[in-house]
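Have the structure open as you read.

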Amino acid sequence: MKYTLVALIMSLNVQAASYEVVNPIDVNGWKATDRDAVVELIQNSVYKKVVLDCDSFLHGLTLTSDQSSNFFMLHESECDKLWKLVKEDADQQASSCMLVDFDTGTLEYLQNQKCTQN
């Protein structure tokens, strides 16, 4: 079991490290799923689907495009904070910009700001 978990984490790190592009994601709200702390973000980006999972053993974002899915791992407190910000924005009917950088392992959430196109 221990080796399986280590292999899973290492494969996630390899996958994340191979993903080099930082794409802006305009977050406009969220949709409930069949699990309490797992939501699909209503968003505009190059991704077909973005899911925030603060319920599973590994917390994070799954970013799905037509070609692949990438997982960005978050610490439990980071996931809870992001979920709180997304809910606050939805309550205020505001959209925000989320920047996920797989190279540096950082996520930036800019409340009440649209992502700028480069």
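**Notes on the disulfides**

1. Let's start inside: both Cys54 and Cys79 are buried. Keep in mind throughout that this is a predicted model.

2. These two cysteines are bonded to each other: Cys54 and Cys79 make a disulfide, with 2.0 Å between their sulfur atoms. The link bridges distant parts of the chain, 25 residues apart. Cys54 sits in the loop between strand E3 (49-53) and strand E4 (60-64), while Cys79 belongs to helix H2 (residues 76-91).

3. Which hand does the disulfide of Cys54 and Cys79 have? The torsion about its S-S bond is about -95°, so this one is left-handed.

4. Now for the other pair: Cys97 is joined to Cys115 by a disulfide, S to S 2.1 Å. Cys97 is part of strand E6 (residues 96-101) and Cys115 is in the segment after strand E7 (106-110), so the bond ties together parts 18 residues apart in sequence.

5. The link of Cys97 and Cys115 is right-handed, with 105° about the S-S bond.

6. Are Cys97 and Cys115 buried or exposed? Cys97 has 3% relative accessibility and therefore counts as buried, the cut-off being under 20%. Cys115 is buried too, at a relative accessible area of 11%.

7. How many disulfides does a search of the whole structure find? It finds two. If you count the bonded cysteines along the chain, the pattern is 1-2, 3-4. In other words, Cys54 goes with Cys79, and Cys97 goes with Cys115.

How values were computed: Residues numbered from 1 in each chain as written. Predicted model: local features only at pLDDT ≥ 70, side-chain atom pairs only at ≥ 80, totals over all residues. Heavy atoms only, no water. Disulfide = S-S within 2.5 Å. Helix = DSSP H or I, 4+ residues; strand = E, 2+ residues; numbered from the N terminus. Buried < 20%, exposed > 50% of the residue type's maximum accessible area, 1.4 Å probe, protein only.
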